[in-house]
Amino acid sequence: MKKFLFWWCLTASMACNKQQPASPSPDPDPAIPLTIATISPSDAASGPVTIKGTGFSVTLAENEVRFGVLAATVQSATATQLEVALPPDMTPGAHDVTVKIKAQTVTKAKGFRLRGWVVSTFAGTGVWASDDGPADKASFRQPTGIAVDAAGNFYVPDLHKIRKITPQGVVSTIAGGNGKGYIDDTGINARFNTITSVVLDKANNLYVVDQMNFLIRKITPAGVVSTVAGTVGVLGKKDGIGTHAAFSVPYGLAINAAGTHLYVGDQANHVIRKIALATSEVTTIAGSGEQTSKDGNGLQAGVPSPGSMAFDADGMLYITEKGGGKVRKMTLNGDITTIGGHLDVNSSPTHVVVDDEKNVYVTFSGMGKIKKYTPAGVESNFAGNNTGTGAEDGPAAVVFFQRPEGIALVKDPTGNPVFYIVDALRHKIKMIRKE
């Protein structure tokens, strides 16, 4: 009898200690309606997003969440809260948020707004013309570069003219006429032959590349046009003072922070030139003159067909290499290195700008894209899908630029960056801002 009781107790004890199977997760109580109370944040540039409400399932897989038509990933769930990762392919703008659990579905119309870079038209009708007036009525012929002064006025080279766009969006012609030529004079009485780039000094003097006259010209705030350097109509490579120097199809310009020197991308000579503004002395500071891209110091480096340039806060000079499809950097001691790009002349990087964090943005006119390079050299596509046809306004990643060239970066009144892009073949100035 004692033996029987022992085995009975042992068997019972083992049965009691045997792990019981986990009970299944309870289904949402059908008496509790499926609702979306809040979505937080409801306006953001990235996730995750918290959805609060009622009737959710504690089993992740039973909660289906969509932003518009795109499925999101539910990362955690309780009966009253879902943590959700945004779909990777969302475009900026307002999206309906839908939660589905078994037979119940609820949607919050435009419940989440994804902030992102969006392209819109700032100025120009798209018609090949040269009409002044309000930005939405004004027209351009062949805009290329762009510069902005401290008051928020934009200056755009437009074939043989310089156009000005005020912060209120009024377009006017400040120098040059409809015909090409060479005349140093005031305002519209002056003549140019294909202007490609423009920069401003601290006194609001405007310096421009008069490409097919092979000159660097200056426009004072009063509109007086003069020649800084180069021999009119003479194609060549010659250092010297003012009009005794010679350029060959110059393209880009940059000015140092002190405002003492201009830097010129002398495209057909495959070199970088420097102009001392106090004396108009022109010297060659970088580039071997060969059409082969090569890192090196100063005149030992190869910079085929340099385009435009821009300085960062530390005085590093970033150069677009139209002849090699690259983006280059020149240090204070003249060392030139490659930070990225595509080894294809047809990609044609043209203009460049640098933000406060030393990210570099480059217009690739042949690709219809604006590329971004981080200080670590990581390349990404900032705006533009490809050359061709398609929507010209909308999310930056999918719009089509026909030929982006000039680029400027300013900050809006709240300190957010805003980019302005010259789309030369659309005859428009585009704006990219985070919305």
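Six is the number to start with: 6 of the 8 residues of strand β35 (residues 404-411) are buried, so the strand is largely enclosed by the rest of the structure. Buried means under 20% relative accessible area, with a 1.4 Å probe and protein chains only. Strands are DSSP runs (E, at least two residues), numbered from the N terminus. The model is predicted, so local features need pLDDT of at least 70 and side-chain atom pairs count only at pLDDT 80 or more, while totals for chains, interfaces and linings use all residues. Residues are numbered from 1 along each chain as its sequence is written, and side-chain values use heavy atoms, leaving out hydrogens and water.

**Strand pairing**

- β35 runs antiparallel to strand β36 (residues 417-423), and 6 bridges join them; two strands pair if DSSP finds at least two bridges between them.
- Leucine 409 has phenylalanine 419 in β36 as its bridge partner.
- The hairpin of β35 and β36 has 5 residues between the strands, and glycine 415 there takes a positive phi near 90°.
- Elsewhere, 5 strands form an open sheet with antiparallel pairing, in the order β20-β24-β23-β22-β21.
- β20 (240-241) and β21 (250-255) are at the edges with a single partner strand each, so one side of each has no neighbour in the sheet.
- Over 5 bridges, β21 pairs with strand β22 (residues 261-266) in the antiparallel sense, and alanine 254 stands opposite tyrosine 263 in β22.

**Glutamate 392**

- Glutamate 392 is found in the loop between β33 (379-383) and β34 (394-395).
- Its side chain makes a polar contact with the side chain of lysine 428 at 3.2 Å.
- A polar contact is a pair of N or O atoms within 3.5 Å; within protein, one must be able to donate a hydrogen and the other to accept it, and residues adjacent in sequence count only if both atoms are side-chain atoms.

**The largest pocket**

- The largest pocket has a volume of about 1,300 Å³.
- Among its 47 lining residues, Ala310, Phe311, Val353, Val354 and Leu409 are the closest to its centre.
- A pocket is an open set of points on a 1 Å grid over the protein atoms alone, where a 1.4 Å probe fits, with protein on both sides within 12 Å along at least five of seven lines; lining residues have an atom within 4 Å of a point.
- Volume is the space filled by probe spheres set on the points, which are joined across faces, edges and corners.
- β35 gives the largest share of this lining, 5 residues.

Methods. Buried means under 20% relative accessible area, exposed over 50%, partly exposed in between (1.4 Å probe, protein chains only). Helices (H or I, at least four residues) and strands (E, at least two) are DSSP runs, numbered from the N terminus.
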